[in-house]
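Me: I've got this one open on my screen. Can you walk me through it?

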Amino acid sequence: MNKKFISLALAATMLAGCGGGAASTSTGGGDTAGKVYYLNFKPEADEYWQELAKEYTAETGVQVTVLTAASGEYEKTLKSEMAKKDAPTLFQVNGPVGLASWKDYCADLSGSDIEGQLTNKAYELRDGDKVAGIAYVTEAYGLITNNKLLKEAGYDASEITSFAKLKEVAEDITKRKDELGFSAFTSAGMDGSSDWRFKTHLANLPLYYEYQADGVDNKDELTGDYLDNYKAVWDLYINNCTIDPSQLSTATGDQSEAEFIDGKAVFFQNGTWEYDKVKAIGDENLAYLPIYFGVDDENQGICMGTENFWCVNGKASEADQKATLDFMNWCVTSDKGVEYMTSGDKMGFNIPFKANPESKNTLFNLANANTATPVSWNFTTMPSEDWKNVLGQALTVYAADQTDANWATVEKAFVDNWAAEKALTAN
């Protein structure tokens, strides 16, 4: 994921070849080389994709354009761009639900060079026998922790091994926040640049435990058995953060990030993609905790997985498809491509390919060092963006007015709306 809010903009320049014309080379038989148009999902990586596109064009002469969608606007942007004559040749789906909408556009990547670079077939997204997508990054999320501040409050991250202990520490910090000069949690903002952290990433936890209990990896109807745990964590976040819960509807992702970097809060729910920013507090001060849920804390690890699958537009010309596959493979095999994708001062990704180096992303190393069972990413089974948005709206209303009736609306949004949205996608 992911995902800082930025305006939707075509940030790439259509890079020209020699003589100022459109770049092209011969592919044999007199055909003109194709071009690449990548619709990028990750706003926080936009700067580096633009640079990498220029590097590739300089090396190969192949034109690469990168368009980055605004946070929370990817699906809308993809629909708009796919309707155009020059549609993206490379795009992204988030897993099975996203694939259901776009499978007719996905070329079969079976036998491609990039498929051969994968370290595990588990990172393929399949549509029957067809390899419709390939994961290009694996990520982790949890509670990014400023252990220096935590020690100033009289604790150490190593002591927090359960929800009960996290609650004890957070509430104690809140009681002494004026004395300490910082809060327990950064603002749990519900602006569109931030709400995905709670209507998607935090909402993964009750899904994970319900799926685990039932021995499944998807459901058409939910019981909501773990929504009390969801409420307990949400209550902890909103009542022990930097701002009043009534202000959360307009609090942004940038705001939450800045609060952590500026030492205004100890805990920041976010992922390994934030490393380039949060390293400002010093690697030695970073700790990474699971989002303890009060169910099986002893065995619960960091949330690890992916919702980032590259797909090649099968409706693009053969030349453009070939150019796109060549670009993808270069990104994960060449020294320059791997540097940009994995370096901590660039994209900082952990890539599931053979050329992935030892990570320079401290958050990812901390996540890997956690020996408990990782929590799988089940939010890729969420039925729709509408489901997430309805849940987010209900969480926001509840945060401002924490009544039983308003929490019942959250439960309805989670359980009843899940069944309704799943039924719609099945038709």
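**Confidence first**

Reply: This is a predicted model. Its chain averages a pLDDT of 90, and 92% of the residues score at least 70.

Me: Where does pLDDT stay under 50?

Reply: Over residues 1-31. The model still has 80 contacts beyond four places in sequence for that stretch. Where pLDDT is low, the predicted coordinates should not be read in detail.

Me: OK. How many residues are in the largest nonpolar core?

Reply: That core has 78 residues. Those with the most contacts inside it are Phe-185, Tyr-230, Trp-234, Tyr-237, Phe-267 and Phe-414. Helix α10, residues 227-239, gives the most to this core, with seven residues. Apart from it lies another core, of 34 residues, with Tyr-38, Val-131, Phe-327 and Tyr-340 among them.

Me: What is Phe-267 in contact with, leaving aside neighbours within four places in sequence?

Reply: Its contacts include Ile-144, Leu-150, Ile-160, Phe-185, Phe-260 and Leu-289. Thr-145 and Thr-186 are also among them.

Me: Switching to cysteines. How many disulfides?

Reply: The count is zero.

Me: Is Cys-106 buried or exposed?

Reply: Buried, at 4% relative accessible area. Cys-303 is buried as well, at 1%.

Me: Now charges. How many salt bridges does the structure hold?

Reply: There are 24. One of them pairs Lys-167 with Glu-171, with the closest N and O atoms 2.9 Å apart. These two are four residues apart in helix α6, so about one helical turn separates them. Lys-167 is partly exposed at 33%, and Glu-171 is partly exposed at 30%.

Me: Which residues do shared partners join into one network?

Reply: Glu-115, Lys-121, Glu-124 and Arg-126.

Me: And Lys-42, buried or exposed?

Reply: Buried, with a relative accessible area of 0%. Its side chain meets that of Glu-44 in a salt bridge, 3.8 Å from N to O. Lys-151 is exposed, at 52%. Lys-151 forms a salt bridge with Asp-156, also with 3.8 Å between the closest N and O atoms.

Me: Last one. Where is Glu-159?

Reply: In the loop between α5 (147-152) and α6 (163-175). Glu-159 is partly exposed, at 36%. Not counting residues up to four places away in sequence, Glu-159 touches Gly-154 and Lys-165. Lys-175 is 16 residues from Glu-159 in sequence and 19 Å away in space, C-alpha to C-alpha.

How values were computed. Residues numbered from 1 in each chain as written. Heavy atoms only, no water. Core = buried A, V, L, I, M, F, W, Y, C linked by side-chain atoms within 4.5 Å. Buried < 20%, exposed > 50% of the residue type's maximum accessible area, 1.4 Å probe, protein only. Contact = heavy atoms within 4.5 Å. Disulfide = S-S within 2.5 Å. pLDDT = per-residue confidence, 0-100. Salt bridge = Lys/Arg side-chain N within 4 Å of Asp/Glu carboxyl O.
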